[in-house]
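Here are my notes on this model. Please read them with the structure open.

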Amino acid sequence: MNSIFTLIPLFPLLGFLVIGLFGKKISKGLVGIIGCGTVFVSLVLSVYAFSGLIGGGEKSGNSITIHLFDWITAGNFSAPFNFLIDPLSCWFLLIITGIGFLIHVYSVGYMHDDPAFDRFFAYLNLFIFFMLLLVLGDSYLTMFVGWEGVGLCSYLLIGFWFKNNDYNKAANKAFIMNRIGDLGFLLGIILIYVTFGSIRYKEVFDVASSFPSSKPVIIAITLLLFVGATGKSAQIPLYTWLPDAMAGPTPVSALIHAATMVTAGIYMIARSNILYTLAPISMDIVAGVGLFTAIFAATIGLFQNDIKKVLAYSTVSQLGYMFLGLGVGAYTGAVFHVTTHAFFKALLFLGAGSVIHAMSGEQDIRKMGGLKKYLPKTYLTFFIATIAISGIPPFAGFFSKDEILGHAYTYNNFFWLMGVLGSVITAFYMFRLFFLTFFGKFRGTEKQEHHLHESPSTMTIPLIILAVLSVVGGFIGIPEVFGGTHWLHEFLSPVFSASDLKTLPKEMSHSKEITLMVVAVLAVCTSIYSAWFYYLKKENIPVADGVAINPVQKTIYHKYYADEFYEAVFTKPLNWLSEKFHKIIELKAIDRAVNFVGESVTWMSGQARLLQTGHIGFYIFAMVVSIILILFFKLL
Amino acid sequence: MNTAILILFPLVAALLILFLKSEQVKKFALAFSLIELVLSIYALSKFKINAEPQMMVNLVWIQSLGIHFKVAMDGISILLVLLTTVLVPLIILSSFSREIKNPNYFYALILFMQMALVGVFTAMDGFLFYIFWELALIPIWFICLLWGGENRARITFKFFVYTLFGSLLMLVGLIYVYLHTPDSHSFDIQALYTAGASLSSAEQTWIFWSLFIAFAIKMPVFPFHTWQPDTYTNAPTQGTMLLSGIMLKMGTYGLIRWLLPLAPLGVQQWGHAAMILSIVSILYASIIAIMQKDFKRLIAYSSIAHVGLISAGIFSLTVQGLQGGMMQMLAHGINVVGLFFVVDVLFNRTNTQELSKLGGIRNVTPYFATMFMLVLLGSVALPLTNGFVGEFLLINGVYQYNAYMAGFAGLTVILGAVYMLRSYQKIMLGETNSLTSTFADLNFNEKAVFVPIVLLIIIMGVYPKPILDIAEPAIKHIVELIHPAVIL
């Protein structure tokens, strides 16, 4: 009976195969139906699996393992292909298939005029397949299969419009940066095998639970895994691919580069919580990198003028919060934030897509303004999402972010302070974006103004559903201080309880908890007010490119020159090395040496041949000289 | 079923082809190679999964010298025989849409080469192994010399002399061990194993290096590789495919079958050096590949990198490393043939293989673009392709040997993506230009080459178990020979 859940990833795979093989022969309508339909089936099955977990939990021990086949075996290494459905994977199943389905539906409208409509849906279905594989695997290697698979789909979809070589470069960059992380992940997996003799979660964690804390090998494993996470989830230092990834069609940015794929790193660490709890140093590093990324990316978001770039840096920043949560032991909080972020960030991207659609492809917010009256549904839903991401209660983002900040406070007061600073910046750039886009006068061309229209209902219905979720999504985790029960915490407790016991935060008094919340919310409100004052009241518009700005602004505007730095430190030297290896070592040293050996043999044989002159006199002379020499040496 | 049939059949076929007076000689060649494939599959069906060499033929050849015509297959052999019998029909088919001068000689040489290759992979007698090893060189030398590109005379000569030099070193090593076999002397593999293992550490050092250099030239491994990029680039497509797809596996096979068991102490002492050379190969060749302008030459360098990893895995002396090596030999053979066929398709239509002159082809050829992409994914070892299974096990093996070396070897994961994606972008993506705007999509014969390759890439990646199962007992046997103390 459980084997029915095998179909969860198989349906999107089937969709990919059918559309991929026959997409050109069937109508767009049918492509859309197959594309959305297969994901819908997965959604229904995921809900079914979910209901099983909350219904008959105690009977099945809260998890189901399905053995598919033995994949790789060599000596005592074995990597079976198994699926594991437990609360954590099931929760991700719901997010992936739920958001995935909505974005598929949205794409039917958004991509309708694209000649490669079928290819788009084929890739999208393939992505869902790999993403489901990533969370369903019961071992690190199966996770890695999904992990690289989604990377491939990301590459294919960033470079979806492959005539544009800038897009192709962005796609290559994404793949290669991810590969850098993947190498860390791969070595981590191998070290797990070497240490535990297995790569299956259950077997690894069973052995690990008897390990002492801070064992070097566990620190090494967790850090290697984290390297993988920084690549996929766009954390410092491997984050620069994500803003460039916005070259892909907007639904892709929403699905892959905001709601699902980029949260794979969080899933990975949450899944490995037992290992991380054993390595406090790694936890510190995760939290530190997360926090630093959160603020660093947020500041870049302040100065971006491309609507999707702002959202991209915002995603990097929010992912940083999730890592902060993981690092301070708020595993549930991190997963909670993954969830709410999936709602409001997907909504923001889809809203941005609706705006771009209306603006005939324009993405520069300096050329927008006043779109409120043309795009009422987009405006309203975008507004909700902006409030949600800023962390205003009772919208979804507030609860999840609060949980992370609360844990951060008990972990280290300074972390809390920086976290609040980050949300202040977040609120500012989000409302800056919101005001510049929807308020004020329209600043685009007349032609664009003439064309402005609200998007079709295949696009607006997903927006509305996501808006509702962004409003109520936080109620699955109401903190105790409000007298609610943290439903998500209880649901995920089979996965996290062992770690929660070890990293349980010091109890905080309710009054203190409330104080912290109020401070954070007030700070955010002040920030929103300043954005309102500066961009709406004073009607400031970001300056055009090329206008002089002060050096600090300029540095941030150029994203701290990170791309230029990487170019100078990695790309150029590598190309230089490649040239020099070829021209100097290969051709001038090795090959010349080889040829020299060859030529000297030829030369010697040529010289030796000269000795054979055919004059008997010469031979006798040589013989006599030789005999004398031999005798001479004998006498010595 | 016996192994000798698999060797004799291509030889007979080659002779028949040579004297065949028909316009359709290529079709006969294909038919013969397909019969050989069927024969090998039949042999597979009779194969029992254990460490024993099976389907043995053992005839006295030169009594006084203890030389036997002894051929048989264990798991390692049968898989490489299958690689040969699968690839040869594809290689022949890849020439169908091309103009080939003197087709009788061309196809006869390919089949003759197949005979020698199957012989190399199944010989269980040291002298016989050497004979097949040298026999394999002759047809490929003619193929490169007669059907090659511009500088073929000079380049082919260098290739020939270089590999011949290696073979002679190997012969000296084999004879030295042979002279230490008991009383009447024998070239039988078991006798050589016993004799080799009983030699002193100093003697084994010499055996190790004489064999290693021979195999290192064949694979090739840094710094014995400089014949390879020129030869691959100048040889006709089918010659390059034979060289890279099958012939270089003679080198890696030689390591497993002959070097490791023959000089276990030598391996213990000098394996580290071989490991370092292998890893240098990976990095050096990958880095050079990045800036190559000629796509065929780029693949030649990428091949050095891949083989370097195979060699490193083998020298890890772990079951995972050797299994990975086995798997990657097959995967690399298939993928590299696919890649060289991509080059052939490009060159056939545009008369160039320079990256800078191409571009935008994907706009006009969706089918070719997909095939190329899938072969590329196999080559960069994406999970669920054949390349991943091998690469993962190889890096795993190297890691158990030395974690830092695995870190360096693993850089191939990144660098491979760098040069392959860069190539794909330059060739396939962007806007079309005057050269590529009329690029025709694949014809039937070309599809017939790509489809089996692509299917193998995916099937072997998703379900590699049968292959691993077949190889495992033989691999374990080899590992036990090198260090019996290791607990598997």
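1. Contact here means heavy atoms within 4.5 Å. On that basis the A–B contact takes 59 residues from chain B and 52 residues from chain A.

2. This is a predicted model, in which local features need pLDDT of at least 70, side-chain atom pairs count only at pLDDT 80 or more, and totals for chains, interfaces and linings use all residues. Residues are numbered from 1 along each chain as its sequence is written, chains are lettered from A in the order in which they are written, and side-chain values use heavy atoms, with hydrogens and water left out.

3. The model scores ipTM 0.92 and pTM 0.92. Chain B has a mean pLDDT (the predictor's confidence in each residue, from 0 to 100) of 92, and 99% of its residues reach 70 or more.

4. About 5000 Å² is buried between chain B and chain A. That is the accessible area (1.4 Å probe) lost on putting the two parts together, summed over both. Carbon and sulfur atoms give 70% of the area.

5. How many salt bridges are there between chain B and chain A? The count is one. Lys158(B) and Asp591(A) form it, at 2.5 Å, N to O. The cut-off is a side-chain nitrogen of Lys or Arg within 4 Å of a carboxyl oxygen of Asp or Glu. On the side of chain B that touches chain A, H16(B) gives the most, with 13 residues. Helices are DSSP runs (H or I, at least four residues), numbered from the N terminus.

Terms used: Helix = DSSP H or I, 4+ residues; strand = E, 2+ residues; numbered from the N terminus.
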